[in-house]
Amino acid sequence: MLTRRAILAGMAAMAMAAGPVAAAAGLQLLMVRRRGCVYCAQWDREIAPVYGRHTEGRAAPLLLVDRDGPWPDGLVLARRPWLTPTFILLQGGVEQVRVEGYPGRERFFEVLRDMLAQAG
């Protein structure tokens with residue numbers, strides 16, 4: 001029986017030849033945002049200035065993408081995000097874990113730690 005994870009892994013193997021994001025090693029945190037999103041602006045004020053100083057931020061460098069594109073080549077996502085912000089933990093350009101919405105300053109890094117743990 002094929003699971004979603006197995007299907008995504010197969011898609012990732014095909015995408016590696018197709019784009020640089022999928023071929024990249026390691027983890028990235030994809031933040032999908034849109035112009036006018038008040039929660040994206042709140043994240044920009046509260047988290048963006050300190051993101052790279054946190055262990056979690058160093059483990060998963062940030063990749064920002066507008067909801068309407070352009071999107072990096074080679075991404076393998078379970079579905080196209082529609083809610084902003086959406087945070088998607090990528091490994092080699094393949095979606096591992098997704099969180100929709102901004103959990104707030106007090107919980108953001110806790111949520112990101114959980115995402116990293118789920119991704120293994």
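Select Phe87 to begin: in this predicted model, Phe87 counts as buried because its relative accessibility is 1%, and buried means under 20%.

Keep both rings on screen. Trp43 and Phe87 make an aromatic pair of the tilted kind, with 6.0 Å centre to centre and 45° between the planes. Colour by secondary structure next: Trp43 sits in helix H3 (residues 38–46) while Phe87 belongs to strand E3 (residues 86–91), so this contact ties together parts that are 44 residues apart in sequence.

Hold on to Trp43 and bring up Phe108. Here the aromatic pair is edge-to-face, at 5.9 Å centre to centre and 70° between the planes. Phe108 lies in helix H5 (residues 108–119) and Trp43 in helix H3, so the pair links parts that are 65 residues apart in sequence. Both Trp43 and Phe108 are buried.

Show Trp43, Tyr51, Phe87, Tyr102, Phe108 and Phe109 together: they form one aromatic cluster.

Last stop, the cysteines. Pick Cys37, which counts as buried at 5% relative accessibility, then Cys40, which counts as buried at 1%. How many disulfides does the count come to? Zero, with a disulfide taken as a pair of cysteine sulfur atoms within 2.5 Å.

Note on methods
Residues numbered from 1 in each chain as written. Predicted model: local features only at pLDDT ≥ 70, side-chain atom pairs only at ≥ 80, totals over all residues. Heavy atoms only, no water. Phe/Tyr/Trp six-rings, centres within 6.5 Å; stacked < 30°, edge-to-face > 60°. Helix = DSSP H or I, 4+ residues; strand = E, 2+ residues; numbered from the N terminus. Buried < 20%, exposed > 50% of the residue type's maximum accessible area, 1.4 Å probe, protein only.
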